[in-house]
Amino acid sequence: MTSRKNEILVGLFVALAIIAGLLLALRVANQGMAGNGETYKLNARFDNIGGLKARSSVKVGGVVVGRVSRIYLHEQDLIPVVELEIASEYQNTFPDTSSLSILTSGLLGEQFIGLQPGFIFPEDLEMIEEDKVCDNAPYSDCPYLTNGEEILDTKSALVLEDLIGQFLFNQGNE
Amino acid sequence: MEILQRLGRNTIDTFASIGAASLMLYGALIAIPKWKNIRLTVEQMYVVGVQSLLIILVSGLFIGMVMALQGYTILVNYGAEGSLGPMVALSILRELGPVVTALLFAGRAGSALTAEIGLMKATEQLSSLEMMAVDPLRRIVSPRFWAGVISMPMLAIIFSAVGILGGHLVGVDWLGVDAGSYWSIMQSTVDWNEDVINGVIKALVFAVVIVWIALFKGYSCIPTSEGISKATTETVVYASLAILGLDFVLTALMFGIS
């Protein structure tokens, strides 16, 4: 009978290990959630991306709406292009006059992209109400940001060295 | 002349014991427990794994708690206490989980294995098994080897999970770090393959080394009470040194070159 008790305890041990592994997978590494959910893509060019990395978050007023999926250098223009994946539930939400800026959370925190929603021209608003332009129309007609569209209004990351350089330059002029 | 002879004898002895240890490992490895013998391995998993559980749970909890406490006092100076989660999680998953579990495992289970097999040898149980045409490698060594190799990574996973929960207990519940940022920044920082799986691989390597050293030291000890005590001490010392040395090599291989 002791053997049976031991076997039950070994079973409990294995179950505990599996629970701990699941905790690590779901709670700590967020394996279950990664890549989950429909998204649409946006592009943006920056002069300088600072410390932005793939998987950095895109936030609107602090709410995470998407992630940076890829960062690469534009072949001809030689400036960084950032590819964003925005959750589909925010489709037809952000006007195409929205702007992006690279911000830092806290003093030493990681960098993220802040999306500042823009405005919609009154005549476009009337157009949307009359017929659904955004469903299948080329995106130039749609007053919202749609899949593949490029956000033109971008603000680069703050680079401390540049700031200090500017400051010294200004001081020198006085 | 005397010195040269001693040097030569030591070298030959060293290589002979490495050879004997490799032969024993080979014997244990090819004797993968058959289905009808699985009971022997499960019994050993009780001795090696379940009985090590308490020390692993308690030390995991306290190491997580102390990591959170130390990390908080430094990070709060920079207003970066939101980074407490990834700091605790990464250092436990990558380093402390596998290494501390391995050190405790060597002390708790490795020494017990050496002493048990050494005493079996001293009381000539191993010879009697051979007399009965039972291969002691198959019957005694192999189940213990596989039980250790299976149990130790599971213990390391449990250690990591409990440690992160301990960090949560101190960081979030006592010191008031935001629970949302503790988990969410941890989730965006910790990578499944890079951090969790690499930690488990480390634990697996340590397990093979510990159990191998423990079994060989027991199997080859001088069959006297003094010999057994020496073999047990050597197991803990050699296993701990091997763990710490290998940990550096593995870390360099896994995280150093990127």
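Which residue in β8(A) is the bridge partner of A:S99?

Mentor: The bridge partner of A:S99 is A:D153 in β8(A). This is a predicted model, in which local features need pLDDT of at least 70 and side-chain atom pairs count only at pLDDT 80 or more, while totals for chains, interfaces and linings use all residues. Residues are numbered from 1 along each chain as its sequence is written, with chains lettered from A and ligands numbered from 1 in the order in which they are written.

The bridge belongs to the pairing of strand β5 (residues 99-104) of chain A with β8(A), which is parallel and holds three bridges. Two strands are said to pair if DSSP finds at least two bridges between them. Strands are DSSP runs of E with at least two residues, helices are runs of H or I with at least four, and both are numbered from the N terminus.

The two strands lie in an open sheet of eight strands in chain A with mixed pairing, ordered β7-β1-β4-β3-β2-β6-β5-β8. Its edge strands, each pairing on one side only, are β7 (149-151) and β8 (153-155) of chain A. Neighbouring strands are turned by 35° against each other on average, direction ignored; the axes here are lines fitted to C-alpha atoms, for helices over the stretch in contact, and angles run from 0 to 180 degrees between N-to-C directions.

Elsewhere in this sheet, strand β2 (residues 57-60) and strand β3 (residues 63-73) of chain A run antiparallel and are joined by four bridges. A:V58 stands opposite A:G66 of β3(A). The hairpin of β2(A) and β3(A) has two residues between the strands, and A:G61 in the turn has a positive phi of about 55°. β3(A) is also joined to strand β4 (residues 80-87) of chain A, antiparallel, by seven bridges, and A:R70 stands opposite A:E83 in β4(A). Six residues lie between the strands in the hairpin of β3(A) and β4(A), where A:L78 takes a positive phi near 55°.

Chain A also has helix α3 (residues 160-173), whose 14 residues reach 20 Å from first C-alpha to last, close to the 20 Å expected at 1.5 Å a residue. The expected span is 1.5 Å times one less than the number of residues. A residue is buried if 20 or more other C-beta atoms, placed from the backbone, lie within 10 Å of its own, exposed if 12 or fewer, and partly exposed in between.

Turning to the other chain, 27 residues of chain B are in contact with 24 residues of chain A, contact meaning that C-beta atoms, placed from the backbone, lie within 7 Å. Elements giving two or more residues to the side of chain B that touches chain A are α2 (38-48), α6, α7 (179-189) and α8 of chain B. The largest share, six residues, comes from α6(B). That side divides into 18 nonpolar, six polar and three charged residues. Here Ala, Val, Leu, Ile, Met, Phe, Trp, Tyr, Cys and Pro count as nonpolar, Asp, Glu, Lys and Arg as charged, and the others, Gly among them, as polar.

Chain B has nine helices and zero strands. Buried residues make up 43% of its 258 residues, and its C-alpha trace spans about 70 × 55 × 35 Å along the principal axes.

Within chain B, the axes of helix α6 (residues 136-174) and helix α8 (residues 192-219) come within 8 Å and cross at roughly 145°. The residues of that contact divide into 17 nonpolar, three polar and one charged.

Helix α9 (residues 225-256) of chain B has 32 residues and reaches 45 Å from its first C-alpha to its last, close to the 46 Å expected at 1.5 Å a residue. Its buried residues are B:I228, B:A231, B:T232, B:T235, B:V236, B:A239 and B:I243. Their cover includes α4 (84-122) and α8 of chain B. In the loop between α8 and α9 of chain B lies B:I222. B:I222 counts as partly exposed because 13 other C-beta atoms lie within 10 Å.

Key:
Contact = placed C-beta atoms within 7 Å.
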